[in-house]
Amino acid sequence: MGFRIAGTGHYVPDRILTNADLEKMVETSDEWIVTRTGIRERHIADPETATSDLAAEAGRRALQNAGIEPGDVDLVIVSTITPDMPTPSTATVVQRKLGIPPCMCFDVEAACTGLLYGLDIAHALLSSGQRRTALLIGGDKLSCVTNWTDRSTCVLFGDAASSLVLQADPAFDGDFYVGAEVGADGRDADFLKIPGFGSACPPTAEGVAQHLNCITMNGPKTYQMAVTAMSQACKKVLEKTGVRADQIRWAIPHQANDRIISAVAARLGISERIYRNVSRFGNTSSASIGICLDELNRSGQLQKGDLILTAAFGAGLTWAAELLRW
Ligand code: ACO
């Protein structure tokens with residue numbers, strides 16, 4: 001039995017928020033944002049658009065790309081930190097929106113690492129023979145958990161969703177999943193969080209007025225942890241699989257900040273084969289790696305057999321590096 005990435009898709013809302021727009025909202029400058037982050041613009045959803053709308057559209061595009069009908073899907077995983085609501089899962093909402101028949105559907109919460117956590121889980125369910133066709137989606141409407149008065153965070157994020165169709169296929173020779181290093185260290189949970197959204201601190205009018213329902217972050221600490229976590233995870237997965245850095249066709253790090261990407265690239269020694277699009281989308285959380293894969297796929301820059309090294313970090317602190325074969 002072979003396992004393949006049968007299709008990819010992504011969706012971003014039409015509305016673009018530029019650095020010039022942000023200059024009118026907080027005390028910042030295009031020059032500061034570009035130099036510190038590499039971000040030039042991000043897409044922002046309308047108030048009436050939910051994460052499930054972004055996710056369903058990305059999923060629809062991935063299914064079309066794969067040439068697979070919704071009726072063939074038997075596993076839906078949505079990675080998100082901005083579910084439509086705490087329950088039911090956004091995966092079940094997407095299932096309904098796409099007309100996918102009854103099957104296993106659930107959400108994964110591992111912040112920006114979520115798509116890679118989902119990929120690991122989906123591969124386990126496919127390779128154990130329990131499922132045949134998985135629709136994996138990373139989607140977030142970060143604009144609804146952004147404090148638009150905090151210049152240290154509001155310049156970073158964008159809304160988006162991306163999707164992969166993963167399939168067990170007896171006619172396919174190979175396995176998209178070569179190896180992975182996936183982990184988390186809860187001791188670092190306080191550096192990056194949304195403090196006032198859950199049972200520890202339920203939302204109140206007072207809390208919302210203090211922006212407790214929004215992302216708070218120690219930027220410099222998160223930056224250091226991101227570089228260390230992603231480069232160590234990449235090195236471990238290369239060691240485990242016996243693959244050398246020069247054999248990697250594309251490295252796709254989570255698109256949080258151009259400087260973080262460059263620091264990881266330098267540590268791995270593969271700067272010229274690093275895919276970057278953070279300037280156009282900002283940090284789109286668990287959508288980011290899937291957007292990169294979809295852009296590479298649709299622009300014909302992936303050949304069968306290409307090795308792709310993905311890496312992500314996120315709140316928790318969570319991290320993952322996964323080596324994929326196209
Ligand atoms: N415009 C202008 N000045 C700013 C801005 C802004 N938008 N934001 C902060 N500053 C100022 C600060 O107030 C500070 O001023 P001071 O020296 O007078 O106090 C100065 O710039 C430097 O601030 P730092 O926070 O030290 O800036 P740094 O170079 O570290 O860059 C950044 C900040 C871009 C946030 C960086 O730390 C970073 O990218 N961190 C990682 C963020 C990240 O990737 N998070 C992932 C979270 S996603 C998730 O899991 C949902």
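Analyst: A residue is called buried under 20% relative accessible area, exposed over 50%, and partly exposed in between, with a 1.4 Å probe and protein chains only. This is a predicted model, in which local features need pLDDT of at least 70 and side-chain atom pairs count only at pLDDT 80 or more, while totals for chains, interfaces and linings use all residues. Residues are numbered from 1 along each chain as its sequence is written, and side-chain values use heavy atoms, with hydrogens and water left out.

User: Why is threonine 8 called buried?

Analyst: Threonine 8 has a relative accessibility of 0% and therefore counts as buried, since the cut-off for that word is under 20%. Threonine 8 sits in strand β1, residues 2-11, where strands (E, at least two residues) and helices (H or I, at least four) are DSSP runs numbered from the N terminus.

User: What makes the pair threonine 8 and aspartate 294 a polar contact?

Analyst: A polar contact is a pair of N or O atoms within 3.5 Å; within protein, one must be able to donate a hydrogen and the other to accept it, and residues adjacent in sequence count only if both atoms are side-chain atoms. The side chains of threonine 8 and aspartate 294 are joined at 2.6 Å, so the distance falls within the 3.5 Å limit.

User: Which word, buried or exposed, applies to glycine 186 and to arginine 187?

Analyst: Glycine 186 is exposed because its relative accessible area is 57%, and arginine 187 is exposed because its value is 74%; the rule asks for over 50%. Glycine 186 lies in the loop between β8 (177-184) and β9 (192-193), and arginine 187 is placed in the loop between β8 and β9 as well. The side chain of arginine 187 makes a polar contact of 2.8 Å with the side chain of aspartate 185. The C-alpha atom of glycine 186 is 9.1 Å from that of alanine 315, 129 residues apart along the chain, whereas arginine 187 and proline 47, 140 residues apart in sequence, are 35 Å apart in space, C-alpha to C-alpha.

User: What is noted about phi in alanine 111 and in serine 285, and how do you know whether these residues are buried or exposed?

Analyst: Alanine 111 has a positive phi of about 50° although it is not a glycine, and serine 285, also a residue other than glycine, has a positive phi near 55°. Alanine 111, in the loop between β5 (104-108) and α5 (114-127), is buried because its relative accessible area is 6%. Serine 285, in the loop between α10 (278-281) and α11 (288-298), counts as buried because its relative accessibility is 1%.

User: Which polar atoms of asparagine 257 and glycine 219 lie by the ligand, and at what distance?

Analyst: A polar side-chain atom of asparagine 257 lies 2.6 Å from an oxygen atom of the ligand, and a backbone N or O atom of glycine 219 lies 3.0 Å from a nitrogen atom of the ligand.
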